[in-house]
Amino acid sequence: VVSAESHWMDFLKFGGATPPFDVLSKTQEYVAATASAASDRGEYLPAPETYYADDYVFRGSIVGPISRRDVAETQKSFNLLGAYPDIDRGIFGLTVDPQNPYRVFFFERWTATMTGSIKIGPLTLPPSNKRIETPIHVTSITWNPDGKVVYESISPPVDRFEGNTKGAGAVFGLLAGAGLQLPASVGDPARILAARMPSATLMHVSHS
């Protein structure tokens with residue numbers, strides 16, 4: 001029975017136990033390993049398998065829940081690092097969650113130049129040589145007591161008016177910067193209309 005005070009994600013707090021390692025240092029090491037894996041393999045990939053728990057799950061604002069293998073295959077098929085070889089995630093502000101000592105949050109603001117092509121199914125987006133900057137988003141890394149990453153998530157953009165990707169962040173920002181038209185981006189007519197509608201109208205539509 002789940003009590004009114006509990007939450008289904010509370011299992012990631014591991015009963016309130018104190019981590020037997022420094023989670024900030026561990027997260028910094030993990031971030032560096034992710035960047036190294038991408039550079040060594042020429043693809044935007046997760047860090048080596050030794051960092052991940054068997055039950056690792058990734059969630060984005062749209063994508064997920066997916067496994068580590070799903071993440072790797074998705075990024076590999078897009079050839080994102082090949083298209084943006086100078087990508088910089090611009091990570092800053094690492095902090096431990098005050099309600100969960102196994103979880104670390106940090107900000108990311110991606111910058112990169114598209115000098116290669118991206119292939120999405122039958123669609124090929126040619127190099128644009130455009131320098132892109134995405135809005136900031138928040139990433140969280142949750143470790144288990146064995147020192148393995150068990151859960152990773154990224155938020156929607158903190159301020160979608162930042163950058164030059166029409167409000168798209170992270171991977172979606174790279175795709176938008178490559179010229180892919182994404183739904184509900186900044187400047188999208190449907191989004192503009194929704195922003196101007198009275199809240200009562202939106203509530204009526206959402207419940208109709």
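Buried means a relative accessible area under 20% and exposed means over 50%, with partly exposed in between. By this cut-off Asp86, at 35% relative accessibility, counts as partly exposed. All of the views below show a predicted model.

**Figure 1. Overview of the chain.** The chain contains six helices and nine strands. Of its 208 residues, 38% are buried. Among contacts between residues at least 6 apart in sequence, 60% join residues at least 24 apart. The chain exposes about 11600 Å², and carbon and sulfur atoms supply 58% of this area.

**Figure 2. The salt bridge between Arg131 and Asp86.** The closest N and O atoms of Arg131 and Asp86 are 2.9 Å apart. Arg131 belongs to strand β7 (residues 131-133) and Asp86 to the loop between α3 (80-83) and β2 (92-97), so the pair ties together parts that are 45 residues apart in sequence. Arg131 has a relative accessibility of 43% and therefore counts as partly exposed. Asp86 also counts as partly exposed, at 35%.

**Figure 3. Other salt bridges.** A search of the whole structure finds five salt bridges. In one of them, the side chains of Glu108 and Arg89 meet at 2.8 Å, N to O. That pair links distant parts of the chain, with Glu108 in strand β3 and Arg89 in the loop between α3 and β2, 19 residues apart. Both Glu108 and Arg89 are buried. A salt bridge also joins the side chains of Lys13 and Asp10, at 3.6 Å, N to O. Lys13 is partly exposed, with a relative accessible area of 26%, and Asp10 is partly exposed, with 28%. Arg109, Glu133 and Glu162 are linked in a network of salt bridges.

**Figure 4. Arg103, a buried charge in strand β3.** Arg103 lies in strand β3. This residue is buried yet has no salt bridge. The nearest side chain of opposite charge is that of Asp97, 4.4 Å away; a salt bridge calls for a nitrogen within 4 Å of a carboxyl oxygen, so the distance falls outside the cut-off. Leaving out residues up to four places away in sequence, Arg103 touches Thr95, Val96, Asp97, Ser140, Ile141, Thr142, Tyr151 and Ser153.

**Figure 5. Surroundings of Phe105.** Phe105 is located in strand β3, which spans residues 100-108. With a relative accessible area of 25%, Phe105 is partly exposed. Apart from neighbours within four places in sequence, Phe105 is in contact with Gly93, Leu94, Thr95, Asp97, Val138, Thr139 and Ser140. Thr142 is 37 residues from Phe105 in sequence, and the two are 8.9 Å apart in space, C-alpha to C-alpha.

**Figure 6. The largest nonpolar core.** This core has 16 residues, of which Tyr30, Ala47, Tyr51, Tyr52, Ile141, Trp143 and Val149 touch the most other members. The elements that give two or more residues to this core are α1 (23-41), β1 (52-59), β3 and β8 (137-143). Helix α1 gives the most, with four residues. Another core lies apart from this one and has 14 residues, including Ala83, Tyr84, Met114 and Leu174.

**Figure 7. Aromatic pairs.** The structure holds seven aromatic pairs. The ring centres of Phe14 and Tyr102 are 4.9 Å apart and the planes stand at 65 degrees, so the pair is edge-to-face. This pair links distant parts of the chain, with Phe14 in the segment before α1 and Tyr102 in strand β3, 88 residues apart. Phe14 is partly exposed, with a relative accessible area of 25%, whereas Tyr102 counts as buried at 1% relative accessibility. The rings of Tyr30 and Tyr52 have centres 5.8 Å apart and planes at 80 degrees, so this pair is edge-to-face as well. Tyr30 is in helix α1 and Tyr52 in strand β1, so the pair ties together parts that are 22 residues apart in sequence. Tyr30 counts as buried, at 3% relative accessibility, and Tyr52 counts as buried, at 7%. Ring pairs link Phe21, Tyr30, Tyr51, Tyr52, Tyr56 and Trp143 into a cluster.

**Figure 8. Helix α4.** Helix α4 covers residues 170-177 and is mostly covered, with seven of its eight residues buried. The buried residues of α4 are Ala170, Val171, Gly173, Leu174, Leu175, Ala176 and Gly177. Gly179, which follows α4, has a positive phi, near 105 degrees.

Notes
Residues numbered from 1 in each chain as written. Predicted model: local features only at pLDDT ≥ 70, side-chain atom pairs only at ≥ 80, totals over all residues. Heavy atoms only, no water. Buried < 20%, exposed > 50% of the residue type's maximum accessible area, 1.4 Å probe, protein only. Contact = heavy atoms within 4.5 Å. Lys, Arg positive; Asp, Glu negative; His and termini not counted. Areas by Shrake-Rupley, 256 points an atom, 1.4 Å probe, with all protein chains shown as cover. Core = buried A, V, L, I, M, F, W, Y, C linked by side-chain atoms within 4.5 Å. Phe/Tyr/Trp six-rings, centres within 6.5 Å; stacked < 30°, edge-to-face > 60°.
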